[in-house]
Amino acid sequence: MGYIFIFMSLFFKLWNYINFKRLASAGINIASSSLEPAVWLKRKFNDYHTLNKPVNNTTAYVERVMSDFPRYREGITLLSGLSLTCFGAFYILSMIKPNTLEQICFFAIYFMWDRLFDTAPLRNKFISCAADYLDNTLKNRFCASPQTRRADAAYADKSSLEAAAGIEATDKPHNKKMIDALKNTSFQDNASELFEDVINEFL
């Protein structure tokens, strides 16, 4: 009976690793992936930017969305918990008729199985790939329109200032020449009037 529990423990550990392997593959091809976490990441990211609530820390956003999926949670998941439970059941049954050599062998097998099928690197790989995808594609697409709006606003402010100064929006080079000519003329008239006032005082 104990051998069945140790077999089930290793089976659940392998099943958990396969799930995270699929998750890492979805992170590499997240644009076309139909895996549930990838779909939710893209959908929520679009919703946040549509509602003018941009995501500043993309990695933290991905980790927060991932916490909504217990199957891919950091630490103990459902399958890894079942694996530990089955291994604990094996250990309890093995204590009925203790066999030290057998216990040491199965502990070593379980430890090597756990290190060989470690899911933490796969989860981190998905998070980094998803964050890069959101930053380099969707975020740039959403940030293009605000920059354009700011440029249009700056142009509108410049046009309003020019209109307030008496410069029309059309034929700006021609108006600039006229303004410069008027400035020079007014300066010469003021200079001649000042010169005539000085001569009249001496006379």
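There are zero disulfides in this structure, a disulfide being counted when two cysteine sulfur atoms sit within 2.5 Å. What you're looking at is a predicted model, where local features need pLDDT of at least 70, side-chain atom pairs count only at pLDDT 80 or more, and totals for chains, interfaces and linings use all residues. Residues are numbered from 1 along each chain as its sequence is written, and side-chain values use heavy atoms, with hydrogens and water left out.

Let's start with the overall layout. The protein has seven helices and zero strands (DSSP runs, H or I of at least four residues for helices and E of at least two for strands, numbered from the N terminus). Along the sequence that reads α-α-α-α-α-α-α. Of its 203 residues, 29% are buried; buried means under 20% relative accessible area, exposed over 50%, and partly exposed in between, with a 1.4 Å probe and protein chains only.

| Residue | Relative accessible area | Class |
|---|---|---|
| Cys105 | 40% | partly exposed |
| Cys129 | 23% | partly exposed |

Now for helix α5, which runs over residues 100–116. Its 17 residues reach 24 Å from first C-alpha to last, close to the 24 Å expected (1.5 Å times one less than the number of residues). Which residues of α5 are buried? They are Gln103, Phe106 and Tyr110. Looking down the axis of α5, these buried residues fall within an arc of 70 degrees, so they line one face of the helix; the arc is taken from the directions between the helix axis and the C-beta atoms. Turned away from that buried side, α5 carries exposed residues, including Thr100, Ile104 and Leu116.

Helix α4 also has 17 residues, and its end C-alpha atoms are 24 Å apart, which agrees with the 24 Å it should span. Among its buried residues are Leu79, Cys86, Phe87 and Phe90.

Finally, there's the largest pocket, with a volume of about 320 Å³. A pocket here is an open set of points on a 1 Å grid over the protein atoms alone, where a 1.4 Å probe fits, with protein on both sides within 12 Å along at least five of seven lines. The volume is the space filled by probe spheres set on the points. How many residues line the largest pocket? The lining has 19 residues (those with an atom within 4 Å of a point), and Gly75, Ile76, Asp118, Thr119 and Ala120 lie nearest the centre. Helices α1 (2–28), α4 (78–94), α5 and α6 (120–164) each give two or more residues to that lining.
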